[in-house]
Amino acid sequence: MAGLEAFPARYGNVVFVLVAYCFLNFWMAFMVGKARKKYNVPYPTLYAVESENKEAKLFNCVQRGHQNSLELMPVFFMLMMLGGIRHPCPSVVLGSIYIVTRYFYFTGYSTGDPQKRLTIGKYGLLPLIGLMGCTISFGISLHLGTSASSTCYFSSIRGK
């Protein structure tokens, strides 16, 4: 297919990780909707006010867990898409780890105790730093005019 040769052989896996994050985001949005009903927080209210709702903190924790994930989503997507061009396999591994940490960040936050978001969620910064490294490497290769794609460390498993 025309244009696909510009992407490395394993770039499709990068796309699958991005789609997996979309499903996680949809699930988090669904959980916020359930929390709206449970804690009686109508639309378009973004955050509940404690003086008006005794369970405001519980709702706000669910909402904040999702909101934080939305705030970081453009950064994650950009790092995955660009870093994955030069380093598709490391980007897939790092992106998958990031998604797992986001899940635990959200579920921990949703308990109503904000500290529980950090149990596993605090490690989410590490894969982002790794993805920054992949993206920087891609930028350097573009700057130097070297080959944009690199071989996949795992390519021997299923062929190149």
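At what angle do α2 and helix α4 (residues 125–144) pack, and how far apart are their axes? I put that at the head of the page and began with the ground rules.

**Entry 1: ground rules**

I am working on a predicted model, in which local features need pLDDT of at least 70, side-chain atom pairs count only at pLDDT 80 or more, and totals for chains, interfaces and linings use all residues. Residues are numbered from 1 along each chain as its sequence is written, and side-chain values use heavy atoms, with hydrogens and water left out.

**Entry 2: the whole chain**

I looked up the secondary structure of the protein chain and found five helices and zero strands. From the N terminus on, the order is α-α-α-α-α. Helices here are DSSP runs of H or I with at least four residues, strands are runs of E with at least two, and both are numbered from the N terminus.

I then looked up burial. Of the 160 residues in the protein chain, 40% are buried. Buried means under 20% relative accessible area, exposed means over 50%, and partly exposed is in between, with a 1.4 Å probe and protein chains only.

The accessible surface of the protein chain is about 9400 Å², and carbon and sulfur atoms hold 67% of that surface. The areas come from the Shrake-Rupley method with a 1.4 Å probe, and for residues only the protein chains shown count as cover.

I also noted contacts, meaning heavy atoms within 4.5 Å. Among contacts in the protein chain between residues at least 6 apart in sequence, 69% join residues at least 24 apart.

**Entry 3: α2 and α4**

Back to the opening question: α2 and α4 pack at about 50°, and their axes are 8 Å apart. Axes are lines fitted to C-alpha atoms, for helices over the stretch in contact, and angles run from 0 to 180 degrees between N-to-C directions. I wrote down that α2 and α4 are therefore oblique to each other. The cut-offs are under 35 degrees for roughly parallel, over 145 for roughly antiparallel, 65 to 115 for roughly perpendicular, and the rest for oblique.

The crossing of α2 and α4 is left-handed. That word applies if the near helix is turned anticlockwise from the far one by less than a right angle, and right-handed applies if clockwise.

On the α2 side, the contact includes Phe76, Leu79, Met80 and Gly83. On the α4 side, I listed Leu128, Leu131, Cys134 and Phe138 among them. The residues of the contact of α2 with α4 divide into 10 nonpolar, four polar and one charged. Ala, Val, Leu, Ile, Met, Phe, Trp, Tyr, Cys and Pro count as nonpolar, Asp, Glu, Lys and Arg as charged, and the others, Gly among them, as polar.

**Entry 4: α1 and α2**

Next I took helix α1 (residues 11–38) and helix α2 (residues 56–86), whose axes come within 10 Å and cross at roughly 170°. That makes α1 roughly antiparallel to α2. I counted the classes in this contact as 20 nonpolar, five polar and one charged.

**Entry 5: α3 and α4**

The axes of α3 and α4 come within 9 Å, and the crossing is roughly 155°. α3 and α4 are therefore roughly antiparallel to each other. The crossing is left-handed. Residues making the contact include Ser91, Leu94 and Tyr98 of α3, and Pro127, Leu131 and Cys134 of α4. By class, the contact of α3 with α4 has eight nonpolar, three polar and no charged residues.

I stopped at Ser91, which is in helix α3. Is Ser91 buried or exposed? Ser91 counts as buried because its relative accessibility is 0%. Leaving aside neighbours within four places in sequence, Ser91 is in contact with Met80, Gly83, Gly84, Leu131 and Cys134.

Asn40 counts as exposed, at 63% relative accessibility.

Pro44 is also in the loop between α1 and α2. A cis peptide bond joins Tyr43 and Pro44, with omega about 5°.

Arg10 lies in the segment before α1. Arg10 is buried, at a relative accessible area of 17%. I found Arg10 and Cys89 to be 79 residues apart in sequence and 6.9 Å apart in space, C-alpha to C-alpha.

Leu118 lies in the loop between α3 (88–109) and α4. Leu118 counts as partly exposed, at 29% relative accessibility. Leu118 and Thr101 are 17 residues apart in sequence, and their C-alpha atoms are 9.2 Å apart in space.
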